[in-house]
Amino acid sequence: MPFPRGRVLYELGVQLISFDRPGYGGSDRMASRLVSDVAADVLAIANHLGAERFAVLGRSGGGPHALACAAMLPDRVTRAGVLVSIAPQAAEGLDWFAGMAESNVHEYTTAAAEPESLIRELAQVAAKIKADPTSHVATLGPELPESDRRVVADSGIRALLAKNFAEALRHSAAGWIDDALAFCSPWGFDLSDIRVPVLLWHGEDDVFSPAAHARWMAEQIPGAELWIRPGTAHFGALEVIADVLSWLTRPS
């Protein structure tokens, strides 16, 4: 996720702390992890840094993990911002794959039905990305809605995405693999149990995590705010981080 400029964080009074989920970057793998397992990591980091109360923010694959913290750390989490997140795959009444790009349909279908095949496939893809991080942005091109193409046409955004891909896959594809498997398994908590304020932001034209997922989750999470932006898709979330941080700093 791109960090806002230091001046923006200063004006908002935000200290932004990020970490690598298990298997990404320099973080050790935690095989067979659930989405809910992230809460223990966040709690350990917060305790180490002396952060008694804090908000959480997750984009795309980070979204379910932010929700896990909101559900499982109600005495520590003040608010949760969730951008372009998928919903649990067992979501009753949601056509989970409707409107989703074929690449993601294939990945999640394989994760649920043939996990060993997924491991082999993602390991091969990760090796190609590691060799040329910019190649993954180009690979996504044919599936991107026009609004996403506009965002990634920016050379700075493309460079940032390439840097993030390279860092995430620095040692292996383990984090990517384990995320996909976790998303297609029970998450380890119920959305209806969340009691802290939650903001769900989504681009109307998203094809990687369709906006119907956010609408469904908004119906499950008590008091959740739902912001759907027309004419925007998955990568539009990169442009609204400052707005969401502003929401996260409001008194609860």
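Residues are numbered from 1 along each chain as its sequence is written, and side-chain values rest on heavy atoms, with hydrogens and water left out. Because the model is predicted, local features need pLDDT of at least 70 and side-chain atom pairs count only at pLDDT 80 or more, while totals for chains, interfaces and linings use all residues.

Salt bridges come up first. Side chains of opposite charge can pair when their charged atoms come close. Taking a salt bridge as a side-chain nitrogen of Lys or Arg within 4 Å of a carboxyl oxygen of Asp or Glu, a search of the whole structure turns up 8 of them. One joins aspartate 179 to arginine 21, at 2.6 Å from N to O. That pair ties together distant parts of the chain, 158 residues apart: aspartate 179 sits in helix α9 (residues 174-183), and arginine 21 in the loop between α1 (6-12) and α2 (38-49). Helices here are DSSP runs of H or I with at least four residues, strands are runs of E with at least two, and both are numbered from the N terminus. Aspartate 179 and arginine 21 are both buried, where buried means under 20% relative accessible area, exposed means over 50%, and partly exposed is in between (1.4 Å probe, protein chains only).

A second salt bridge brings arginine 76 and glutamate 52 together at 3.9 Å, N to O.

Arginine 150 and glutamate 239 make another salt bridge, at 3.3 Å from N to O. Arginine 150 belongs to helix α7 (residues 146-152) and glutamate 239 to the loop between β4 (225-229) and α11 (241-248), so the pair links parts of the chain that are distant, 89 residues apart. Arginine 150, at 46% relative accessible area, is partly exposed, and glutamate 239 is also partly exposed, at 44%. Through shared partners, salt bridges also join Arg21, Arg33 and Asp179 into one network.

Next, the rings. Rings of Phe, Tyr and Trp (its six-membered ring) pair if their centres lie within 6.5 Å; planes under 30 degrees apart count as stacked, over 60 as edge-to-face and the rest as tilted. The whole structure holds 3 aromatic pairs. Tryptophan 96 and phenylalanine 97 form an edge-to-face pair, 5.1 Å centre to centre with 85 degrees between the planes. Tryptophan 96 is buried at 4% relative accessibility, while phenylalanine 97 is partly exposed at 31%. Tryptophan 187 and phenylalanine 189 make a tilted pair, because their ring centres are 6.0 Å apart and their planes lie at 40 degrees. Both tryptophan 187 and phenylalanine 189 are buried. Trp96, Phe97 and Tyr108 form one aromatic cluster. Arginine 79 lies over the face of tryptophan 247, 4.4 Å from the ring centre; the rule asks for NZ of Lys or CZ of Arg within 6 Å of the ring centre and within 35 degrees of the ring normal.

The largest cavity has a volume of about 40 Å³, and its lining includes Arg33, Asp37, Asp41 and His65.

Finally, two surface sites. Glutamate 219 lies in helix α10 (residues 211-220) and is exposed, at 64% relative accessible area. Its C-alpha is 9.0 Å from that of serine 192, 27 residues away in sequence. Alanine 127, in helix α5 (residues 115-131), is partly exposed at 45% relative accessibility.

Technical notes: 1 Å grid on protein atoms, 1.4 Å probe; cavity = no way out; pocket = protein on both sides within 12 Å on 5 of 7 lines; lining within 4 Å. Points joined across faces, edges and corners; volume = space filled by probe spheres on them.
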